[in-house]
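Here is a briefing on a predicted model. The sequence and structure come first, then the main points by topic.

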Amino acid sequence: MGTDGDMGKAAERFVSREVGPGARIHYFHAPRFKDLSLSVAWRVNLERETVTRVALVPSVLRRGTRSFPTARDLARRCEELYGCRISSRVYRLGEQQVWWVGLDFPHPRYVEGSGYLEGVLGLLGELLWQPVTEDGGFRSDYVAEEREVLRRALRARFNNKASWANLRCVEEMCAGERYALHPLGREEDLADIDPRTLYASYREILAHGHLDVVAVGDWQALAAGGAADPSGAGVAEILRPLLPRTAGGAHGPGPDGPGGQHPGERRPGPLAPVEVKAARAEVREVVEHQPVSQSRLVVGLRTTVTMGHDLFPALLFLDGLLGRYAHSRLFVNVREKAGLAYYANTMLDPVKGIVLMVAGIEAKAFQKARDTSLEQLYALGRGEIGDGEWEATYRSLRAEVASWSDDPDGLAWGLLEGLTVGRDFAPAELVAAVDHVTREQVAEVARRLQPDTVYFLTGEGATAT
Amino acid sequence: MRTLADLGEKLIHHRWEDDLTVYILPRPGFVRRYASLTAGFGSVDLHFVSPDGRAHSVPAGVAHFLEHKMFEDPEAPVLDRFARLGASANAYTSYEVTSYLFSCVDNFWEALDILLGFVQEAHFTRDGVEKEKPIIEQEIRMGLDSPHRTVVHNLRRLLFGRHPVREDVAGSLESVRDITFEHLELCYRAFYHPSNLVLYVAGDVDPAEVLEHVARAVARRRRGPAPGFRRVGVPDPGEPAERAVEQRMSIAVPLLALGFRDGAYPGGSDLERRMAGEMALEMVAGRGSELFHRLYREGLIDDSFAASYACGRDWAFTVFMGRTPDPTRLGERLREGISAALTGWREADLDRCRRAALGQFISLFDSLEAPAYLVPELHFYGLSLDDYYRVLQQVDSHAVARYLQEALRPEQAVTSTVIPH
C-alpha cells in the first residue's frame, strides 16, 4: 500500500514558551506550507458589563494606525505586501471572550523585494499597539461608525435562520451563564460607548488579557539559528517585537499613546474556568414563529465530559456515531431513511460540553424528527452500536484528527481550546487516544449526554406539538 | 515571467485517448490526500442534441439531481463504502460541472477505486428517484430562507431572460417535481462518458504510482468513443426586460445586489477577461478603493460588501453586493461611484491589485481543495494552471480598461433588493 499508514505527523507539535506574565509564544514547525501564519489571541472573561466593548475594540483598530490612518491605507498596504491577510475578530471560548488577530502571508522565499517580512510584521505591530487616537481616546468618527456597523451585524444574525436557531437554543439553555452572552455583545450597550471608555477597554485588554501568539509554518528558516534550532527560540526572537515590554517586546505594557503606562504594570488577572453544568431535570421546549420556508430543529444537550476530561476521546467518538459525519445516525435515520430533512447533524463545543443536534425539516415533521434524533442517542447509550458504524467512525475520526495538521488556523484554535481547559492535545496524541476508546466508554458518554432544551423555529401559524 | 516551477510546483497531467484525463498536484508533507472526479456537466446544460439529430430539453436542476442519485447503490450505499475506509466523501454541482470528491488519510487507493467506480457506473432506480425528491425539496427550501441566495437568484433572473444560468443550480420546487428517471439516464449517457471526466489528485503521493493505478483502472473499464452529444446554446435578449426587483423576507437587515451583464464577453477560454475583471473590481470596489472607503464612511456598507465577476462558457456578469441600511441610497451611490471609477484609476492601483492576486495564488497551494475547484474548470476550457499563472502576471491596463468599459455599462445595470417584512 505504498505510503499508506502514515497516521499524523507524530513528531509535530507546538513548542510553547512563557515570555512574560500571561504571555506565551507557540510555534508549530510545518515547512509544507507556502504561507506563514500567525495568530495573536487576547483572552478576557466574558462579562455582561464589558462584552460589547471588547467586541467593538477590534473593529475600531481595523480603521487605522499611526502610519496608515485610514482603513483604505491599511488595505492598500496589505495589497502591496502581496495581499497579506489580516483579520481581527472576537470569539467565545467557554466563559471567555477572545480577540483574535490572524495574519497569513506568502513565505518570503516565494516573493520578490526586500523588507517584506519586516513590512508585514510591522503592520501587525501597528495594528495591535498603535491605533489612531485623539483627545485621550479613539477617533470619535471611527467609534461612531463602527458602533453602527456592529449594531447592523448584531441585527443581521437574524438573517441566517440556521445560525439564529442555534444561537436562540444556546441562549435559552444557558440563560444566566456567561456562555449565554454572544461574543459580539448586546445592542443595548452600544449607546453608552464613547471614544474614551472604549479606549480604556482596549488598554484594559492589553494590560490584563492573557496573550498567546501562535505561529505555524516554516518560520524557522527565517530565524537566526535557521533549521538547526528545533527549540523555537529563534522564531520567538522574530516575534518578540510584537509583544509587550514585560515580555521583552517593544510595546506598552499599556499601548503607546496618551497616558502611556510604566513598564511592569501588565498583570493578567485570573480567567473564568469553564462552567460545566448538568442538563435540567425536565427538558424544556421553546417554539418560535417566523415566516420561514423551512423549519429548524435544534436539540440542545449537555454533558459534563469536556475536553479536559479523560473520557473526551469517547465523547468525540460518540459525536461521530451520532451526527458528525455523512454515515452518522442522524444523517442516515433522519435524512436518508425518513426523508425528513436535508441536513441533520451535530455540533459539538468541546470546551463547554454542549452538543446541538440540528435539522432543517418540514413543520409537520417536528415530533418525529425530535424523537428520532433522541432515540439515536438513547440507543447508543444502551450500547447498541453496530460493527459497521463503529469501524467507519473510528477511521473517520482518526483521519479527521490527523488532518488538523494540514490546517494552520485549526491548529491554532485547537491549541487555544486546550489552553482554556488546561489540557494540551497534540493531534498525534489524540489520534492515539482514539485508538483506546471502548464501546463501554462510548455508551457511558452517551448516557452522560442529556437533552436540556429543544428549540424549534417554524412558520407563522404552524403548530409544533 | 515566473512559472509554477519557480514556486517549486508541478502539475502532472495525462490524457487517455477517448477516456479520462488526470491531473496530479503533489503536496509533500501533507497528511490528507484528496481526489475529485469532475464531469463537464452542470446546471446550465439543459438543451442538447443527440448524435441522431434529436433535440433534448430537460428540467432545471437535473445535473444536481443526478449528483444526488449517483450515490445510490442498492448493494452498499456509496457514502458507507467511503466511510468504512475513513474517507470523507462529498459532491457539488455548479453551473458547468458536477464534481465528486473525497479526502482521507489512510486507504487512499481503495477510496480512489470507489470514486472511479461509482461515477462511472450509475445504479439509480425509479423508486430512488422519487424518494430523493423530498430531500431535494428541503434543500431548496433551505435556500428560499436565505436572503443572500434570494437576492442573487432574483438578480440573475433580471440579467438573463432565457439563458439557463438564470436558474438555481438545484432548480425550483416545480422543476424538480418534473425530473424523471429517463431524464437522469439520458444526461448520464450524454455527459458522463470518461472523455468528459477529469480526475484531480492532490496530497503526498507519488505521481508515477497514481498514473499507473489510474491506467489500470482505465484499461479495465474502456467504454469506447464518446457518444457525441452536442450542447445547444440559448440566445438571450441583450437588454434586461426589467431593471429592478424587490422581495420581502423575514430578515432584519436589507441586502442589495447591483448587477451588470457582460454583453461583450469573449467566452470562458479567455482567461485574460476573467482576471482583468477580478483585478478591476478589486481596484474599483475592493477594501483599498476610494469607493469602498466612501460608502463605508457614509454608513451604507460594511465588511459584507463585495464585488465579483462570475463567468462561464457563454455568460458573464458582475455583482456588487452587501448588507445595507438603505438599499435605494446605496444603489444610487454605487452607480455614480462605478461610473466615476471606470476611467479614474491609475497604473499604480493595478500594480497593487496584481501583487495581491499573485500572493493569493501562492496561498492556493496550502489548500488541497482550492486548486481542486480551479483545475477541472480550466481543463474544460482547454487551459491549465500554468496558463492561469502566466495570464495572472500578464494582465495589463488595456485588458482592465476593456473590461471596465464593456462589462459595466450603466445602461446594463439592474438591482435586486431583499427587505424586511
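Of the 465 residues of chain A, 55% count as buried. A residue is buried if 20 or more other C-beta atoms lie within 10 Å of its own, exposed if 12 or fewer, and partly exposed in between, with C-beta atoms placed from the backbone. This is a predicted model, in which local features need pLDDT of at least 70 and side-chain atom pairs count only at pLDDT 80 or more, while totals for chains, interfaces and linings use all residues. Residues are numbered from 1 along each chain as its sequence is written, and chains are lettered from A and ligands numbered from 1 in the order in which they are written.

**Chain A overall**

- Chain A holds 14 helices and 13 strands. Helices (H or I, at least four residues) and strands (E, at least two) are DSSP runs, numbered from the N terminus.
- The radius of gyration of chain A is 24 Å, which agrees with the value near 23 Å that a compact globule of 465 residues would have. That radius is taken over C-alpha atoms, and the globule rule is 2.2 Å times the number of residues to the power 0.38.
- Along the principal axes, the C-alpha atoms of chain A fill a box of roughly 60 × 60 × 40 Å.
- Among contacts in chain A between residues at least 6 apart in sequence, 76% join residues at least 24 apart. Two residues are in contact if their C-beta atoms, placed from the backbone, lie within 7 Å.

**The five-stranded sheet of chain A**

- Five strands of chain A form an open sheet with mixed pairing, in the order 9-13-10-12-11. Two strands pair if DSSP finds at least two bridges between them.
- Strand 9 (284–289) and strand 11 of chain A are the edges; each has a single partner strand, so one side of each lacks a neighbour in the sheet.
- Neighbouring strands of this sheet are turned by 15° against each other on average, direction ignored. Axes are lines fitted to C-alpha atoms, for helices over the stretch in contact, and angles run from 0 to 180 degrees between N-to-C directions.
- Strand 10 (residues 295–302) and strand 12 (residues 354–361) of chain A are antiparallel, with eight bridges. Val298(A) has Val358(A) in strand 12 of chain A as its bridge partner.
- Helix 5 (residues 161–173) of chain A lies across strands 9, 10, 12 and 13 of chain A, at about 140° to strand 13 (450–458).
- Helix 9 (residues 329–337) of chain A lies across strand 11 and strand 12 of chain A, at about 155° to strand 11.

- Strand 1 (residues 15–20) and strand 2 (residues 23–29) of chain A run antiparallel, joined by five bridges. Val15(A) stands opposite Tyr27(A).
- Two residues lie between the strands of this hairpin, and Gly22(A) takes a positive phi near 60°.

**Helix 2 of chain A**

- Eight of the 10 residues of helix 2 (residues 71–80) of chain A are buried. Among them are Arg72(A), Arg76(A), Arg77(A) and Glu79(A).
- The cover comes from both chains: it includes strand 4 (85–93) and helix 3 (116–129) of chain A, with helix 10 (290–297) and helix 12 (347–363) of chain B.
- Tyr82(A), which follows helix 2 of chain A, has a positive phi near 55°.

**The A–B contact**

- Chain A gives 62 residues to the contact and chain B gives 57.
- Elements of chain A that supply two or more residues to the side touching chain B are helix 2, strand 5 (96–106), helix 4 (140–156), strand 11 (341–349) and helix 11 (387–403).
- Helix 11 of chain A gives the most, with nine residues.
- This side of chain A has 25 nonpolar, 17 polar and 20 charged residues. Ala, Val, Leu, Ile, Met, Phe, Trp, Tyr, Cys and Pro count as nonpolar, Asp, Glu, Lys and Arg as charged, and the others, Gly among them, as polar.

**Domains of chain B**

- Chain B is assigned domain 1 (4–231) and domain 2 (244–420); the bounds come from an automatic or database domain assignment.
- The domain centres, taken over C-alpha atoms, are 27 Å apart.
- In chain B, 38 residues of domain 1 are in contact with 33 residues of domain 2.
- Helix 5 of chain B gives the most to the side of domain 1 that touches domain 2, with nine residues.
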